[in-house]
Amino acid sequence: DSALARMRDELTELLKAQAKASSDFQSEVKATLSALQSRREAEARSTTHGVTFEAALRDALQEQAARCHDVLEETGSTTGLVARSKVGDFVIRLGADCKAAGARIVVEAKESESYSVRNALDEIEAARKNRGCEIGLFVWPRRSAPAGVPPLERHGCDVLVVWDSDAPETDAYLHAAVSL
């Protein structure tokens, strides 16, 4: 019945309550992560993974365009200059602060392992023609980029970049690609 014994009992109860709360939280986090992993695996098996990748890329490009006073247009669902062609997911129009003000960059995003560097260059050339752009940017996520492709590579007026929304360290490559 001493004060020390009562304090020990109180602390023991507090520690038990804290351990239970921590255990419940861990279970909730594990369930959420499991559901997220299952959703990502299901997206990877379906065509929705490309939509998710394009949405993340749009957000990253929009942020960069806003900082540079450029304008980002979503063009992937509209036909361009070539009849019945929707090639070219985004177009960046450079703002007045840029030395090449008014220039247009077409961006093509592909989350497909079937694209080689040659296929990517052909696709971005078609996108440049379809969107009336001088410069093309082809973006792969890390998981579907061809083995051995550098994270950033320029081929004349076209730039190939490996960028992944889940890997912040690749943001610098995307920023550099747009700057090129």
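This is a predicted model: local features need pLDDT of at least 70, side-chain atom pairs count only at pLDDT 80 or more; totals for chains, interfaces and linings use all residues.
## Fold and dimensions

The chain holds four helices and six strands. Read from the N terminus, these elements follow the order α-α-β-β-β-α-β-β-β-α. With a radius of gyration of 24 Å, well over the 16 Å given by the globule rule for 180 residues, the chain is more spread out than a compact globule.

Of the contacts between residues at least 6 apart in sequence, 50% join residues at least 24 apart.

Strand β2, residues 90-93, pairs with strand β1, residues 71-74, in the antiparallel sense over four bridges. In this pairing, Glu74 stands opposite Phe90 of β2.

Strand β2 is also joined to strand β3, residues 104-109. Here too the strands run antiparallel, and four bridges join them. Arg93 stands opposite Arg104, which belongs to β3. In a regular strand, side chains alternate between the two faces of the sheet.

## Burial, surface and charge

Buried residues account for 34% of the 180 residues in the chain. The accessible surface comes to about 11,000 Å², and carbon and sulfur atoms contribute 55% of this surface.

The charged side chains number 23 positive and 29 negative. The centres of these two sets lie 3 Å apart.

How values were computed:
Residues are numbered from 1 along each chain as its sequence is written. Side-chain values use heavy atoms; hydrogens and water are left out. Two strands pair if DSSP finds at least two bridges between them. Helices (H or I, at least four residues) and strands (E, at least two) are DSSP runs, numbered from the N terminus. The radius of gyration is taken over C-alpha atoms; the globule rule is 2.2 Å times the number of residues to the power 0.38. Buried means under 20% relative accessible area, exposed over 50%, partly exposed in between (1.4 Å probe, protein chains only). Contact means heavy atoms within 4.5 Å. Accessible areas come from the Shrake-Rupley method with a 1.4 Å probe; for residues, only the protein chains shown count as cover. Lys and Arg count as positive and Asp and Glu as negative; His and the chain ends are not counted. The place of a charge is taken as NZ of Lys, CZ of Arg, CG of Asp or CD of Glu.
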